[in-house]
Amino acid sequence: VWDFVRYHHMGRAHCNACGFSNGEIKYRVVDSDFKEMHFTLVEGEATYTVPLSLPNVEGIYNQLAAFAVLREYGLPAEEIIKQMQGLRIVESRFNLVEKNGKRICMISAKGINPIANSRVFDTVRNFKGKKTVIIMNDNVIGGI
């Protein structure tokens with residue numbers, strides 16, 4: 001049974017039959033700001049402001065996962081955050097530029113992955129204003 005669904009298969013759930021559920025939350029995001037490009041992360045009694053590398057929920061999940069793994073390996077939170085300040089996504093995956101007063105955004109999704117494509121469309125949907133979408137598909141299946 002889903003207790004909370006963020007999107008697709010992401011969220012919290014439990015089994016009524018056996019009681020299995022998600023583990024305790026040790027690292028959680030309590031706020032995000034895509035305009036200022038940061039999110040607020042809570043670990044125990046500590047609260048951190050973490051610079052955001054992508055203006056979408058996937059960026060938060062990815063950075064939260066990286067933060068959690070590095071903390072579990074014993075790295076100090078402040079050092080992780082310092083390194084995330086310089087984190088840049090390669091332009092072939094995400095590129096946002098301004099040209100002649102217009103924002104141009106290119107986002108790649110892995111081929112034959114409906115969730116990745118849905119998330120890209122959701123990111124575009126959340127951009128303010130009128131949009132023009134150009135879809136390119138580089139998948140070649142069976143030589144077609």
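## What lines the largest pocket

The lining of the largest pocket divides into 15 nonpolar, six polar and seven charged residues. Nearest the pocket's centre, among the 28 lining residues, lie Cys-105, Met-106, Ile-107, Val-133 and Ile-134. Strand β7 (102-107) and helix α3 (114-126) each supply at least two lining residues, and β7 gives the most, with six. The volume of this pocket is about 1,100 Å³.

A pocket here is an open set of points on a 1 Å grid with protein on both sides within 12 Å along at least five of seven lines, using a 1.4 Å probe, and lining residues have an atom within 4 Å of a point.

## About the model

This is a predicted model, in which local features need pLDDT of at least 70 and side-chain atom pairs count only at pLDDT 80 or more, while totals for chains, interfaces and linings use all residues. Residues are numbered from 1 along each chain as its sequence is written, and side-chain values use heavy atoms, with hydrogens and water left out.

## The chain as a whole

Three helices and seven strands make up the elements of the protein chain (DSSP runs: H or I of at least four residues for helices, E of at least two for strands). From the N terminus, their order is β-β-β-β-β-α-α-β-β-α. Of the 144 residues, 24% are buried (under 20% relative accessible area; exposed is over 50%, and partly exposed lies in between, with a 1.4 Å probe and protein chains only).

## A salt-bridge network

The structure holds five salt bridges (a side-chain nitrogen of Lys or Arg within 4 Å of a carboxyl oxygen of Asp or Glu). One of them pairs Glu-58 with Arg-119 at 2.2 Å, N to O. Glu-58 sits in helix α1 and Arg-119 in helix α3, so this pair ties together parts that are 61 residues apart in sequence. Both partners are buried: Glu-58 has a relative accessible area of 15%, and Arg-119 has 12%.

Arg-125, in contrast, is exposed at 54%. Through shared partners, Glu-58, Arg-119, Asp-122 and Arg-125 join into one network.

Definitions and conventions
Points joined across faces, edges and corners; volume = space filled by probe spheres on them. Nonpolar A, V, L, I, M, F, W, Y, C, P; charged D, E, K, R; others polar.
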